[in-house]
Amino acid sequence: MKKFLLIITLAFSYLCFGQISYTPISQLRFNNSNGVPVDSGNIFTITGIVTVGNEFNSPSYIQDNTAGIAIYARGSGLFSASVKIGDSVAVTGKLTHFRGLTQFDPVYSFQVIDSNKIVEPIVLTINDIKSQDWNGYEAYEGLLVRINNVTVSASGTWTGNTNYTITDSTGSMPLRIVNGTNLVGQTIPTGKFDVIGALGAFKTSPPYDASSYQLLPRNIYDIIMDLKPFILQPVVVSQITQNSFKVYYETMHEGNTEVRYGLTQDLEIGSFVDQTQSKYHQIVVSELQPATRYYFRVYSTNQYGTSEGPLESVVTSSNGTSTGKINVYFNSTVDQTVAIPGNEAKGNVNLTEKLLERINSTEYSIDMCVYSFYNQPTIVNALIAARNRGVKVRIVYDKRTTQNSMQQLINAGFLISKRPSGNGIMHNKFFVFDGRDSNPNNDWVWTGSWNLSADESSWLNNVIEINDFNLAQAYTKEFEEMWGSTTDTPNVSQAKFGPYKTDNTPHYFTISGKEVQLYFSPTDQTTSKIRNTLLTADSTIFFALLTFTRSDLANAIATRVNSGVLLRGIIDNVNDSGSQYLFLKNYGEVFDYNLSATLHHKYGIVDASWQELNPYVITGSHNWSSSAEQDNDENTLIIKDIFIANQYMQEFKRRYNDLGGTGTFTIPIIQEVKDKYIPYSVELYQNYPNPFNPVTTISFTLPATSNAKIVLYDILGNEIKTIFNGIASAGKTVVDFRADDLPTGVYFYTLYVNNLTLSRKMLLLK
């Protein structure tokens with residue numbers, strides 16, 4: 001009886017989050033220079049889903065949403081003999097390793113919490129696996145992995161406890177067939193196949209480097225000889241017009257290109273097909289109506305069969321029914337030295353006053369969806385005044401104890417739909433203005449990171465507001481799912497929050513020529529969409545986040561950095577469980593925002609300086625965390641636009657400099673403003689600020705990409721140091737200069753480019 005009560009207590013504690021302290025598996029994946037875990041010998045408690053049970057007669061493997069690990073406990077009644085694939089478990093054990101394999105051994109206790117969970121293998125190349133930081137953060141060992149299009153250097157049938165060599169287009173590695181699995185005696189494929197397995201390691205002596213990795217398939221179903229096209233994610237929609245949109249996707253194997261579409265999920269209208277066999281697919285769906293939501297699904301067929309992608313939806317552009325204006329506001333300082341001319345970001349904005357302007361101009365309806373509403377009497381009064389002049393106001397709110405400003409609205413007779421108790425929070429911060437009237441021109445969406453709390457007025461936040469009918473309708477649909485009805489009265493019995501909601505809103509929009517994606521958590525797999533966006537980076541990734549605990553996003557960034565992308569990031573809560581701060585510091589300039597204010601942003605910027613590289617901004621209420629992905633109600637916008645990206649870069653640069661960051665930023669030449677703003681000669685600008693201490697910014701503009709050099713001299717003409725030396729792109733280049741090691745005085749900086757010399761004076765005051 002005591003044992004039964006202990007099991008119930010453990011399960012209840014796990015499900016209620018927080019009565020037991022669990023360590024994310026990613027925290028255990030840091031190795032020393034020999035490839036041995038730095039925390040070896042310490043005892044930890046982890047949770048995860050079993051990907052290998054007793055198929056190998058131990059070790060088993062489990063993984064959480066951050067990483068994977070082996071669990072060695074062989075024998076009747078012990079871990080491996082007691083669990084099966086798909087079990088959700090809690091395990092306490094000692095961290096150790098065996099010949100390069102990080103594992104728990106011994107296991108002191110374990111508990112099966114749930115079962116029948118599904119883990120999708122991560123698709124990697126052999127080069128991805130062998131490029132891990134085996135002597136740093138080891139990202140992939142212990143995970144369930146899929147490698148596609150491999151061949152094996154053997155024939156006949158599989159033999160147990162034998163290593164084979166598999167090869168893909170990127171390299172070769174061992175495939176180990178474990179005795180006792182039902183693979184033994186099966187025919188070895190003679191052509192290309194895909195293989196799934198636990199990524200293990202074995203080497204007899206240190207260092208336990210990349211040569212130790214081996215892939216261990218669990219059963220006959222892990223050898224996949226199905227050569228159907230197999231559609232890869234993401235499926236991307238682009239070039240949305242009033243009458244068409246274009247779809248891009250890739251397949252693992254060659255096949256034709258097909259899109260089926262319709263006004264309902266039955267895809268009843270028809271299809272567009274291109275019979276050309278390819279792995280890279282693009283096709284235009286045309287003859288559509290403006291401002292209309294269409295469902296679609298991609299397909300690809302070859303001689304082996306047909307693969308299909310997920311059901312998607314898109315809204316065609318409006319026929320002149322909305323202005324498409326987008327306003328971005330920051331409540332802190334920005335650095336306009338990196339602004340595209342005419343695109344200066346709006347900093348030091350009083351967000352309460354901006355929201356009041358929008359409320360006071362509303363004519364018909366306000367849908368208000370907020371996590372926090374505290375000490376905001378002017379907003380309360382504005383909402384009451386709006387209702388008194390006939391505006392219909394609906395409110396969705398979090399499960400939290402009702403705060404004073406929300407209580408004032410309730411006392412004034414406003415109806416609210418409140419998230420019920422349980423896991424997760426209603427973390428949205430969005431408004432829809434005039435989304436319920438018959439005029440499509442006045443619909444505005446307001447969203448971002450800002451909570452409506454005066455006590456958070458010193459926190460660093462961003463807000464974006466967008467004038468678009470179709471986007472407003474999507475937000476309204478999400479709102480009404482949590483409201484429980486389409487009327488003025490909420491229906492508690494029909495209201496859905498968190499995982500009870502469905503993915504029922506369109507995701508792709510074109511707003512004033514800008515491609516916009518919209519995702520709501522936890523139904524829309526938002527993290528995968530953020531990851532896909534990060535993986536498009538070809539030049540730079542910048543981010544400013546309250547918290548960053550998703551290892552899949554960190555690994556995506558690391559992948560791009562390894563391909564030459566520059567990383568700069570800022571995280572406020574660096575000590576959160578599972579924080580990726582220390583891992584990311586290995587890949588670029590990543591700062592702990594340890595200043596007095598709270599950095600509450602949740603934004604990322606991809607390729608902000610290069611219009612031809614498809615610059616993106618990721619923003620909204622969604623922290624880069626598992627709570628945001630799995631439990632909370634959140635909203636995320638992904639906007640492809642050089643001007644929006646540039647405005648966010650202005651905010652980022654100021655925060656980066658505040659933390660001591662000094663680097664080079666490029667401001668592109670944009671054709672729309674080139675003739676007006678970009679000179680046809682070289683220009684060197686006065687540094688800002690001037691006088692300065694200890695950091696200042698130096699800018700120069702070039703009419704064409706050239707080698708450039710900036711040298712600092714003292715007042716006697718002695719060369720002090722080189723500030724910049726390299727290739728500068730056409731347009732404006734901004735260089736941060738830090739003078740901690742220099743005394744107070746007058747200095748000169750000189751730009752050398754194309755046999756031209758330009759100089760300016762600056763003053764350092766300490």
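1. Strands β42 (residues 745-753) and β43 (residues 756-764) run antiparallel and are joined by nine bridges. Strands here are DSSP runs (E, at least two residues), numbered from the N terminus; two of them pair if DSSP finds at least two bridges between them. The model is predicted, so local features need pLDDT of at least 70 and side-chain atom pairs count only at pLDDT 80 or more, while totals for chains, interfaces and linings use all residues. Residues are numbered from 1 along each chain as its sequence is written, and side-chain values use heavy atoms, with hydrogens and water left out.

2. Two residues lie between the strands of the β42 and β43 hairpin, where N754 takes a positive phi near 50°. Y747 has M762 in β43 as its bridge partner.

3. Strand β39 (residues 706-714) is joined to β42 by six bridges, again antiparallel. Here D714 stands opposite Y747 in β42.

4. The open sheet has four strands in the order β40-β39-β42-β43, with antiparallel pairing. Its edge strands, β40 (719-728) and β43, each pair on one side only.

5. The largest nonpolar core has 90 residues, and I62, F104, I147, F296, F543 and F548 have the most contacts inside it. A nonpolar core is a set of buried Ala, Val, Leu, Ile, Met, Phe, Trp, Tyr and Cys residues joined through side-chain atoms within 4.5 Å; buried means under 20% relative accessible area (1.4 Å probe, protein chains only).

Technical notes
Buried < 20%, exposed > 50% of the residue type's maximum accessible area, 1.4 Å probe, protein only.
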